[in-house]
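Please look at the sequence and the model first.

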Amino acid sequence: MLGRTVRVRGLPAELPPDRMADKLTIHFLRSRNGGGEIADVQVLPGPQPCALITFEAPEVARRILEAKDHALTVGGKKYLLEVTAHGLELSPDQVPRDRHIL
């Protein structure tokens, strides 16, 4: 069964994690992007940052995964995002132990 968490790659490295979390929340809340209510957004910084987004309902995660193109515009530049299913279900109170293995 598909979970509620998706992994997002292709994020701009120059944006601070808190601002990136805000941008991702706005993008993935929008119904035109297949989105819906979000339980948690965790941005894992680094040279190739990624994010784990947990939705309130598994149907929203499924719609997000079915959408072919996700593009995030930051500072006039468009970033094509890679969205994949994430195997671990995270609660908002959990932090991954080793961020490099995710």
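Q: Leaving aside neighbours within four places in sequence, with which residues is F55 in contact?
A: This is a predicted model, in which local features need pLDDT of at least 70 and side-chain atom pairs count only at pLDDT 80 or more, while totals for chains, interfaces and linings use all residues. Residues are numbered from 1 along each chain as its sequence is written, and side-chain values use heavy atoms, with hydrogens and water left out. Contact here means heavy atoms within 4.5 Å. With neighbours up to four places away set aside, the contacts of F55 are R4, V6, F28, G36, E37, I38, A39, V60, A61 and I64.

Q: In what order do the elements of the chain run from the N terminus on?
A: Elements are DSSP runs numbered from the N terminus, with helices (H or I) of at least four residues and strands (E) of at least two. The chain has two helices and five strands. From the N terminus on, their order is β-α-β-β-α-β-β.

Q: Which strands stand at the edges of the sheet?
A: Two strands pair if DSSP finds at least two bridges between them. Five strands form an open sheet with antiparallel pairing, in the order 2-3-1-5-4. Each edge strand has a single partner strand, so one side of it is left without a neighbour in the sheet; these are strand 2 and strand 4.

Q: Which residue in strand 5 is the bridge partner of V6?
A: Strand 1 and strand 5 pair in the antiparallel sense over four bridges. Within strand 5, the bridge partner of V6 is A85.

Q: Which residues make up the covered face of strand 4?
A: Strand 4 (residues 70-74) pairs with strand 5 (residues 77-85) in the antiparallel sense over five bridges. The two strands form a hairpin with two residues between them, and G75 in the turn has a positive phi of about 60 degrees. The uncovered face of strand 4 holds A71 and T73, whereas the covered one holds H70, L72 and V74.

Q: Is H70 buried or exposed?
A: H70 is found in strand 4, and H27 and F28 are among the residues that H70 touches beyond four places in sequence. A polar contact (a pair of N or O atoms within 3.5 Å; within protein, one must be able to donate a hydrogen and the other to accept it, and residues adjacent in sequence count only if both atoms are side-chain atoms) joins the side chains of H70 and H27 at 3.2 Å. Because its relative accessibility is 3%, H70 counts as buried.

Q: What is the relative accessible area of V74?
A: V74 stands opposite K77 in strand 5. Apart from neighbours within four places in sequence, V74 is in contact with P12, L15, K23 and Y79. V74 is buried, with a relative accessible area of 9%.

Technical notes: Buried < 20%, exposed > 50% of the residue type's maximum accessible area, 1.4 Å probe, protein only.
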